[in-house]
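Here is the note you asked for on this structure. Please read it with the model open beside you.

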Amino acid sequence: MKIVVVGGTGLIGSQVVALLRDKGHEAVAAAPSTGVDTLTGEGLAEVLKGADVVVDVSNSPSFDSEPALDFFTRSARNLFAAEKEAGVRHHVGLSIVGVDQVPGYGYYEAKVAQENAVRGSGVPYSIVRATQFFEFIAPVMDMSTEGGEVRLPSTRLRPIASAEVAAAVAEAAQGEPSNGIRNIAGPETHGLDRFGELTLAAKPDGRTVVTDDTAGLFAGMPDVLTGDGTAHLAATRYEEWLEQH
């Protein structure tokens, strides 16, 4: 199949492209750097010629409410118009576990709007919702560092390796449209503060973790980011991943 991966040069997208090519598909990375811009529509008609499947793992450059909402809704309008014109038969989108249960958090509300656009597009679809990626924990810690302290909330997370997210997305792209949602998560649930402690135990740098439930992006989040009993659990534990990276 010809499978176009929007956001195909990023953390998830580049891995999805590699996995699909290994399976013998014509996987095409679509991103501004390859001449495709979903915000303006530039390059979409050309790249989607002959495409069987579109995978959208693109992300807003801003986590702020209004820019994120504009990015996801405008991109969706342009993308689905081009998909219909090209006769694409399956759209695979990547979203976030618990995304529709966090009222008042603008970025998540923007992702919900994107999901709604997928459902209303008329293109058969599959949505993969993943928990937070292991790769995001260290940057979140850096953003929450004050002097020698990393101030993190005890918000419960069940993060997952990006490689396992990419594998789930690639699997969905090669299957039939589910017209539904599949939740995937890592094998362990801890507070974000505990994940910070595990990170510094593996890679000591002189900082210490201080639990502060008012600090950072995940402060005050409801306990919905870990998934429920329906989530498929990946195998890789965070400590194992830290050893490998």
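1. Basis of the note. This is a predicted model, in which local features need pLDDT of at least 70 and side-chain atom pairs count only at pLDDT 80 or more, while totals for chains, interfaces and linings use all residues. Residues are numbered from 1 along each chain as its sequence is written, and side-chain values use heavy atoms, with hydrogens and water left out.

2. Ser58. This residue sits in the loop that runs between strand 3 (53–56) and helix 3 (65–86). Helices (H or I, at least four residues) and strands (E, at least two) are DSSP runs, numbered from the N terminus. Is Ser58 buried or exposed? Ser58 counts as buried because its relative accessibility is 14%; the cut-offs are under 20% relative accessible area for buried, over 50% for exposed, and partly exposed in between (1.4 Å probe, protein chains only).

3. Partners of Ser58. Its side chain makes a polar contact with the side chain of Asp56, at 2.6 Å. A polar contact is a pair of N or O atoms within 3.5 Å; within protein, one must be able to donate a hydrogen and the other to accept it, and residues adjacent in sequence count only if both atoms are side-chain atoms. Setting aside neighbours within four places in sequence, Ser58 is in contact (heavy atoms within 4.5 Å) with Val6, Gly7, Phe71 and Phe72.

4. The cavity. On a 1 Å grid over the protein atoms alone, a cavity is a set of points where a 1.4 Å probe fits but cannot get out, and a pocket is an open set with protein on both sides within 12 Å along at least five of seven lines; lining residues have an atom within 4 Å of a point. Grid points are joined across faces, edges and corners, and a volume is the space filled by probe spheres set on the points. The count is 1 cavity of 30 Å³ or more, and the largest cavity has a volume of about 80 Å³. Asp56 is one of its lining residues, which also include Phe80, His91 and Glu115. Strand 4 (90–96) supplies the largest share of this lining, 4 residues.

5. The largest pocket. Its volume is about 810 Å³. Of its 39 lining residues, Asn59, Phe63, Tyr107, Phe133 and Phe136 lie nearest the centre. Helix 5 (137–143) gives the most to the lining. By class, the lining has 27 nonpolar, 10 polar and 2 charged residues; Ala, Val, Leu, Ile, Met, Phe, Trp, Tyr, Cys and Pro count as nonpolar, Asp, Glu, Lys and Arg as charged, and the others, Gly among them, as polar.

6. The second largest pocket. This one has a volume of about 160 Å³. Helix 5 gives the most to its lining, with 4 residues. The classes here are 8 nonpolar, 1 polar and 5 charged.

7. The cores. A nonpolar core is a set of buried Ala, Val, Leu, Ile, Met, Phe, Trp, Tyr and Cys residues joined through side-chain atoms within 4.5 Å. In the largest one, of 29 residues, Tyr108, Leu152, Phe218, Leu225 and Tyr238 touch the most other members. Helix 7 gives the most to this core, with 4 residues. Apart from it lies another core of 26 residues, including Ala27 and Val92.
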